[in-house]
Amino acid sequence: MRKFSIVLLAILFCLLLVSCSNQDNAEIAKEEIVYASSKDIRDINPHLYSGEMAAQNMVFESLVINTEDEVEPWLAESWEISDDGMEYIFHLREDVTFTDGEKFNAEAVKQNMDAILDNEERHAWLDLVNLIEENIVVDEYTYKLVLKHPYYPTLTELGLTRPFRFLSPNDFVDATTRDGVDGYSGTGPWILTEHNENQEAVFTANVEYWGEQPEVDNVRWKVMPDHQTILLALEKGEIDLIFGSDGDMIDLDSFSALEEQGKYITEMSEPIASRAILLNSNRPITKNVDVREALQYAIDKQSIADGVLNGTESVAPTLLSSTAPYSDLGLEAREYNPDKASELLDEAGWKLDDSGYRYKDEEKLELSLYYNSDNAQEKTISEYIQHDLREIGVDLHITGEQKQAFLDRQKSGEFDLQYSLSWGTPYDPQSYLSSWRIPAHGDYQAQIGLDRKVWLDETITDLMIENDEAEREAMYDEVLSYIHDESVYIPLVYSRTKAVHRPELQGVTFNVSQYEIPFEKMYFEAE
Amino acid sequence: MKRYIIKRLLSVIPLLIGISFLAFILINLSESDPAEVALRVNEITPTDEAVAQMREELGLDKSFIERYLTWVTSSIKGDFGNSFINNKPVINEIVQALPATLLLALVSFIIIVVISVSASIICTIFEESWIDRTIRGLVFIGEAMPGYWIGLLLMWFFSIKLNLLPTSGMTSWASVILPGVTLALAYISTYVRLLRNNMVQNKSENFVLYAKARGMKKRIILKRIFKNSLQTTITALGMSIPKLIAGTVIVENIFAWPGIGRLSVAAIFNYDYPVIQAYVFLMAVLFVACNLLVDIVTAMLDPRMRKEV
């Protein structure tokens, strides 16, 4: 018995020690933002795609940046574009060095660009990479990019989180970056100082930073694969911030619960991307445009926005938000109207019978919808849609699939309906539309059945290299109107990036891209 | 004895071949094309040319048997290929993650032994009393509750309400307590019941009666009963070692524990075939090895077992 008491006392003492050390942690945390992510930062080589974008964005910078209004200067102070839109001359800042002491100049820019071009096939999704004719060092701080064709989104794409960001050439392996790099010396406000794979990474403020210094000393990126654990860690005060889009960091129910508790601050960005349902024009039933149009009227989007998304996202009247470039076209919104949907289906020959389902030539109006089973939100939305379609006599089968199987299906086109998410700003509309031309994308597969698919793809190709603004605007109008009229997409809602943080943490804002986190603007309120 | 061990060792060889074949074939049955997956997880658009190039790179253009043989021969040398996700050798990933899992399994094992032994002794002493029933009821509940839920409950209670332990991660030695307990809870019930029932049974054996008649102390009698009841429990415990190591998947995810369980879950979600294959194969080898070891130990303890082979 005495032994037992001693053991018990020892355990209690140890627990006491542990709890004390925890309190110590809480005090130093003021200099450090602890951010929880379900994913490790992995390899943050800025020219590849396997690292977390938010981490890449902390360390590496681009010539220009995308803001809400326009593309603004960053590592390039200013630029000139030739009249034919084929030559871009950038005047670089002269006060920038990489964190390994290497000077940032036109030579470094060229070396980075060459490394990116050396791995062209990896960047096939990005038109700009394929359009670069040559890139030239004009003088130490002047750099020239020559294109094969004029390409209007050049500046936007140069400002993306990857791949056009700059790594110190000292970190290159054999003058390239395609097979890995030796280090991560960037020019950005943060330096990656510690990385314990699958556990945590520490970013320290770059004291030599050319721009505005980050407000805190460190960002600690903790990896917590389970969402519930992240919430409990927030409640305990072990982490300061949860940040993410599309339910990958925090689901909407928890977001609303935290909001109601009032113990934390919740923030939401402006609408960023579009959630939609693809209607496959290359399938027996949905190839009929009347059927596709009927489905547009059959879904009660407001209920989805309120019921599933807790009112955090607004109903999407058109595929792209009218705030996206070239997308304010005054297209007619199709509001929830089951009577009209039924009418259209009747006209298309699908008649309701006693069973409550529609038939045409003894064939039942049966459709299939696929979603990514890792995403609980998509499942609930699919169930809402199933219910709405049942109301007008359509039998919808919904199937959740693992991500890779879901992507396989996107590529094979074996779906009537499929869940789809646009790329979000600053990728919308140009990169998103550009991806419609690639057969591996569900968009392409869903559009194959359209009479004018060939024209559609050609027009998208042409509008990217159209140098005349008015002409380009007209082409966008044509493309987006055609897609709207053909009802290939049922727009649902516009998604937003969400953040939850402790009240002491201030300055939590959003970048244009949902994949970046502006840690450098965050700070703790002085007590 | 030597012959027995050699015989058992030889019988393992066809088993291992079978397992490796199964691990390989299961992955190949999956609908997704590994070449496409390898491209996609790196955000490369799987165009036809890119897929063809990747198929060649991964050796997928060769015949099934050829691929299997290549995989087996390199696996024996410890080369399980490179991960699709980060292109690092799979074996490095596993070696890096293994110590964390072993530590977790060890701590769980100790908790299992300590709690099972003490609980079953108490249950035997107070057989059929309210204490016995309460303990059995509690361990039963502990086992019946899903590990995922109980992990979160423990986390909520001990680290948030009482603020005694960190919620997750592997930051201090205290971090191992909650995942260790969560993992152990699922096993404790089995051993408490096993050991308690054996002890209760042994209580009515003749040797106990004689001991009582000789006027031996209660404590010594209990010790003898305990020793005599251990054999099946030890066998079962031996087999639970690989189960503990392979069973950390959920616990490691909840508690952000950087072990092989988490590695395998991430691999499964990303269809990282080389990692899944290696994990399945190594776990199977672990089970076979532990089984073999337990058999040999049992045979050493009990000569009757040797004849059955």
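Two residues are in contact if their C-beta atoms, placed from the backbone, lie within 7 Å. The structure described here is a predicted model.

Chain A is divided into three parts: domain 1 (61-181), domain 2 (190-269 + 497-524) and domain 3 (273-495). The centres of domain 2 and domain 3 of chain A, taken over C-alpha atoms, are 33 Å apart.

Chain A also contains an open sheet of three strands, in the order β14-β15-β16. Pairing in this sheet is antiparallel. In general, the strands of a sheet pair through backbone hydrogen bonds, either parallel or antiparallel. The edge strands of the sheet in chain A are β14 (351-352) and β16 (363-364). Each of these edge strands pairs on one side only. Strand β15 (residues 358-360) of chain A pairs with β16(A) over two bridges, in the antiparallel sense. For A:Tyr359, the bridge partner in β16(A) is A:Lys364.

In chain B, helix α5 (residues 90-125) packs against helix α13 (residues 273-301). Their axes lie 10 Å apart, at an angle of about 55°. Angles under 35 degrees count as roughly parallel, and 65 to 115 as roughly perpendicular. The helices α5(B) and α13(B) are therefore oblique to each other. Their crossing is right-handed. From α5(B), the contact is made by B:Val90, B:Glu93 and B:Ile94. From α13(B), the contact is made by B:Pro274, B:Val275, B:Ala278 and B:Leu282. By class, the contact of α5(B) with α13(B) has six nonpolar residues, one charged residue and no polar ones.

The two chains also meet. Here 35 residues of chain A are in contact with 37 residues of chain B. On the chain A side, the elements that give two or more residues are α1 (2-28), β10 (218-223), α6 (227-236) and α12 (403-412) of chain A. The side of chain A that touches chain B has 14 nonpolar, eight polar and 13 charged residues.

Notes. Residues numbered from 1 in each chain as written. Chains lettered and ligands numbered in written order. Predicted model: local features only at pLDDT ≥ 70, side-chain atom pairs only at ≥ 80, totals over all residues. Domains from an automatic or database assignment. Pairing = 2+ DSSP bridges. Helix = DSSP H or I, 4+ residues; strand = E, 2+ residues; numbered from the N terminus. Axes fitted to C-alpha atoms, helices over the stretch in contact; angles between N-to-C directions. Parallel < 35°, antiparallel > 145°, perpendicular 65-115°, else oblique. Left-handed = near helix turned anticlockwise from the far one by under 90°. Nonpolar A, V, L, I, M, F, W, Y, C, P; charged D, E, K, R; others polar.
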